[in-house]
Structure formats: structure tokens, C-alpha cells
Amino acid sequence: MRKPRAKSTRKSGIRAEAKSAPDVTIRAWEDDPGSGVLGDRPVPDVTQRPLAYAFPRPAPRPAAYQPGTPEFHYWTTAEALRRGADFWANLIPLSKWQVGPALKVLLDEGVNLNAFYHRRALNFFHGPSPQGTVFSAESPDVACHEMGHAILDSFKPQLWDAGSHEVAAFHESFGDMSAILSALQLPSLRTAVLSDTGGHLYRNSRLSRVAEQLGAAIRAQRPDAVDSDCLRNAVNSFTYEDPIDLPSFAPARQLSSEAHSFSRVFTGAFFESLGSMLAAEAATPSAPTPQELLAVATDLAKILVQAVQQAPVVPNWFAQVAAGMVQIAGSFDAKYPAILKGVFVKRSILSLLTATSLEALHRSMTATAAPKDGEPLAEIALASRHYGLDRPLLVQAASHARPFAAMAAAADASPIEPASAATAAQGFVDDLFRSGHVDYNGTGTPETRIAHGRGLHTHRLVPRANGIRLERRLFDCGFCCGGPLRAQAV
């Protein structure tokens, strides 16, 4: 149901007049508040297992509240997170989150144009925008992006601490893919998007534009930090480049090794694949139905999950996942592998040689070559004097054995030989320190530490008997491709 967007009047303690109805529903944003589309939904059960949430108590009475109120804030976030978790729970045999049976949801942790996932909770904030105060939790795009981090961490925990640009970027890409796939669970949105794009899904639309409202708020402070119409757009022209050779930060129009920026390579390939697969599967390719879109999106999500589950954690992670998706896709539909190969080759995520050799490579794989489920990563020691430390820096390297040599492509279409696990870890850690993402946590000396004034760090240093260990604290979705963005008081 389309309704005009209401101007935000949310203030602490203000309660809205609830509309009563014979069958109680709640009101929620259909996708991002920037789209301005509201709908009435069944009351979500946040305590539902296997992926339960722990929201702040007491919960407001379920009703159709107006945007801009604390009650609306609660229920629109709860609806999006329940919808997203139910979607993934139907695809992945998860019995719990990484933290346990219930994942905390902290709806407003203060002033910041941000949201982040750590293994204890989903954390959301509020911040200024030209249209008023933005609450990151109110966007289903943002909520289901953060939930995507939690889902991926629950079924592939080895990715959490891996020292690799591509692994970190894939975590961000999975968050955006989660936002897109969670949105597609709504019949009304599927219908609207197909209408708006004339049945050609791979076009700029509400579905491809992730977090329009938050993007506008960030753009007001730093115009080149995000895309021109949203935070990140899944319709883009980015192609793979070795992240070690990229700048650590760049304006949004360029690619950098920063995780949110580099994630757009895989997200773009995913969304382009979805559009091409839909056209191939639709009874009328120029006019696919909402049900056909749901079926193809579910197939692609299953293919993605299975590829992630079986892929070894190595520095060129994108190529490993892409190769796995091509191999798996044939068991869903004979048309899918060629489509995926075409997109991944176009994006240089797979080299021509890898794409055309996958079947032979797959047949040559041995069971002993594949990493065992849950196999830990090797911890390596990096020389750390240039970080201001006097002891070796211990890092988990992307060190799994490779069943076969899946490779990405250079600009001249030649295969890119993947970096060693140690080289990839060094490049990743260098960027962490250069961008101020590391909390020294008392290690080193004040004279040698590097300070950036950041209030939030993704990693911290922990003293150990044999050195100083680098540990991830959280996935910070400050959403800026161009570097740290400071929040401003409102």
C-alpha cells in the first residue's frame, strides 16, 4: 500500500495515537524510508527461534503507529529483522546466532550516522540530515544489512578474523545482498520494482539503491563519500582489481580497497546475475512475474550460501565464491552456469581461463584438498615495527588449502596470480593502521602509536605470550567509501 511519507517528528517520550483494527497489524517502511512507502504488516515475533532477537523492553503495544514515533521505530525495525532472519533460516540450517539463541538489538546508541554488528548485538544510531534526524534502525535496508553480517558470521565464522581485503569486503557485500533479498520477500515491492523497471531488473531502482535516506544524510556532510542517490547502488560498473594495488580510500565514484567500496564489485555481479537469470527463466522474458522473481532470487541465494559454505578462505576469496557458484548452479537450472560465468568474467571476478576450465577443475578436485568444515585459519606473525610495536603482530591469515586455482582477471584478461596469505594479510593490516581502525589497547608506547581520533575501532591489539594479537571487534558500517565520517551533535 502506497502512502505519502510523513515528516519525522520523533522525540523521546512522545507517543503516537494508534489506529485500532479488527486484525492487529503494525505499520512499517516497505524498504528504505527514502522511498517513502509504508505498509501494514502482521505483528512480528522477535523471540521466534531459531534466530531470535532480544529487543529493548518493554515492547510497545502492537498497532499502526505513525512514522517519527518511538513505537513506529520499534516495530518497523522488528518487522524488517524478523522478515530477514526468517528468509535466511529457511535456507541455512542454523540453530542459533554466533552469540547464542538470541541476538540483542540496540535501537539507538547515540549520535552517529552509522550502524554496526559485533557478536553481542546489532547496534544502531541517529544523526542529522537536511530533512531532519535519521534513525539508522528505521531503514529495512540498514537493518537487514547488519543482520546479514550476523547471518554470515553464524554459518562461516572463519571469515570474522581473516586478514584479507576480499573477505572483509565480502562481509559488506553479503550485508547488501541480504538487504536486497530480504526486501524481495514482500510481494508489493516485487510488483512495484518490476513495474518501475519495465521488467528489466538490472536497472537503477528502489531495489538496487541501498539505504537512500542514510546516504543522503552522509552526502550532506561529505558529498563524495557515497553514491549520488543512495549509500551504495547494486547497479554499477565496477570490475575486479587486486585490492592490494588499490588506494586505501577514494571518492565513491572510484574503487578502493576499503571494504564498503570494494564490496560493490561482488554486489554488482550478484544483482546483474539476478536480472539475467530472471530474464532467462521468465515465461515472458520482457515481463517477468513477481512470483518468478521470488523463485529466481531464492535460487540465487541458495547458490550463494552453498558456495560460501564450501569455499576455502584464501586471499582471492571473490574468485573462490564465484567459481563455487558456477559449479553449484547447474544443479538448480541448466541455464544458470553460463549466465553466472558471463557476469563473473565481465566483472573480472573470474578469468576467462578459470571460467572455461571449471568443469575440468571440478572433476580433478580431491576430497583431501578441500578444507574441512570449520577448519581454523593459520596464525602468522608479521613484522610490526612500522606499526609502532616492539613485538610480532599475530594475524589470522586467509590460509586454507585450495581445491583448485580459481583466479580473477587483470585488465588485459590475463589471470591474476593470487597473493600469498602472508602478503594479503600484510596489505590488509597496513590499511587498518593507515585508516585508524586499530585500538592499540595499551600496547606499544605513546611516542610510537598512530592516532587518528576515531571513536570506533573495528580491531584491537591483545597482548599474548608470543606477540601481540590482532582481533576483530566489529564490522563497522560507517557507510563511507571515502574514509571515516565524524558524527555531529543534533
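Biologist: In which sense do β11 and strand β12 (residues 393-396) pair?

Modeller: Strands of a sheet pair through backbone hydrogen bonds, either parallel or antiparallel. Here β11 and β12 pair in the antiparallel sense, over four bridges; two strands count as paired if DSSP finds at least two bridges between them. Ala-381 stands opposite Leu-394 in β12. Strands (E, at least two residues) and helices (H or I, at least four residues) are DSSP runs, numbered from the N terminus. This is a predicted model, in which local features need pLDDT of at least 70 and side-chain atom pairs count only at pLDDT 80 or more, while totals for chains, interfaces and linings use all residues. Residues are numbered from 1 along each chain as its sequence is written, and side-chain values use heavy atoms, leaving out hydrogens and water.

Biologist: What is the order of the five strands in the open sheet that holds β11 and β12?

Modeller: The order is β11-β12-β15-β14-β13, with mixed pairing. At the edges, β11 (379-382) and β13 (438-439) each pair on one side only. Helix α11 (residues 421-434) lies across β11, β12, β13, β14 (459-464) and β15 (467-472), at about 60° to β11.

Biologist: At what angle do helices α8 and α9 pack?

Modeller: Two packed helices are described by the angle between their axes and the distance between the axes. For α8 (residues 317-329) and α9 (residues 336-346) the angle is about 160° and the axes are 7 Å apart. The two are therefore roughly antiparallel to each other (angles over 145 degrees, on a scale from 0 to 180, count as such; under 35 is roughly parallel, 65 to 115 roughly perpendicular, the rest oblique). The contact (heavy atoms within 4.5 Å) involves residues including Met-325 and Val-326 of α8 and Leu-340 and Phe-344 of α9.

Biologist: Where does pLDDT stay under 50?

Modeller: pLDDT is the predictor's confidence in each residue, from 0 to 100. The chain averages 91, and 89% of the residues score at least 70. One stretch under 50 is residues 1-22; over residues 479-490 the pLDDT is also below 50.
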